[in-house]
Amino acid sequence: MLTTLLDWFLHLDRHLAVLAAEYQLLVYVLLFAVIFVETGVVVMPFLPGDSLLFVTGALAAKGMLSLEILIPLLIVAAVTGDILNFAIGSAFRERVKRGYRFRLIKAEHIAHTERFFERHGPKTIVLARYVPIVRTLAPFVAALGSMRYATFLAYNVAGGTLWVVSLTIVGYVFGNIGWVKDNLTAVIMGIIVLSLVPGIVAWLLERHRVRRADRQA
């Protein structure tokens, strides 16, 4: 099973292409589900987001999927996913105030997201769309911090729309380039690596901060 999952991860474009050719409706349902869960379920930040949007755009460029269907469908998935995430955070708000700790969510991930909010304010809901892990935790932390729902919703719709449209269109445009068509798996892996860079940098900075605090103590 592990081998199968690894093969799907490494050759996402190939498997989606096969599914799109034989079960196009199923592919749309699958894409909606992955984007919705990745943004909506706070313990699932490891699912593909940026790379998946790029692949869907590239497949649309090949005529295997419809861009006119993909963009509104995935915008709805991204926006409603964040709404669910915010609702979960709201449900846990009072328990967190009483000292409740989440076993399935790393404390440092929440702390990093909170610092993101301190720097960028409500714009975090938009900017976090392009930062793995923070993207999944931002609505949750926003709710814990008692952000007004109307404010959250406005930034959520703007961020979800910008994220889906930008990455899907980039995939669509570059998907028509010969080299990208022939090396799509390598391009996807590159996007995944680049998307991990902010998280790695944040982890290194957090380690440095903790060590400095220990030395001062």
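Helices here are DSSP runs of H or I with at least four residues, numbered from the N terminus. The model is predicted, so local features need pLDDT of at least 70, side-chain atom pairs count only at pLDDT 80 or more, and totals for chains, interfaces and linings use all residues. Residues are numbered from 1 along each chain as its sequence is written, and side-chain values use heavy atoms, with hydrogens and water left out.

Let's start with the rings. The structure holds four aromatic pairs; Phe, Tyr and Trp rings (for Trp, the six-membered one) pair if their centres lie within 6.5 Å, and planes under 30 degrees apart count as stacked, over 60 as edge-to-face and the rest as tilted. Two of the pairs look like this:

| Pair | Centres apart | Planes | Type |
|---|---|---|---|
| F32 and F36 | 6.2 Å | 10° | stacked |
| F86 and F152 | 4.3 Å | 20° | stacked |

F32 and F36 sit four residues apart in helix 3 (residues 24–40), about one helical turn. F32 is partly exposed at 26% relative accessible area, and F36 is partly exposed at 24%; that label covers what falls between buried (under 20%) and exposed (over 50%), using a 1.4 Å probe and protein chains only.

F86 belongs to helix 5 (residues 67–97) and F152 to helix 9, so their pair ties together parts that are 66 residues apart in sequence.

What about I177? I177 lies in the loop between helix 9 and helix 10 (178–182), and is partly exposed, with a relative accessible area of 38%.

Methods. Helices (H or I, at least four residues) and strands (E, at least two) are DSSP runs, numbered from the N terminus.
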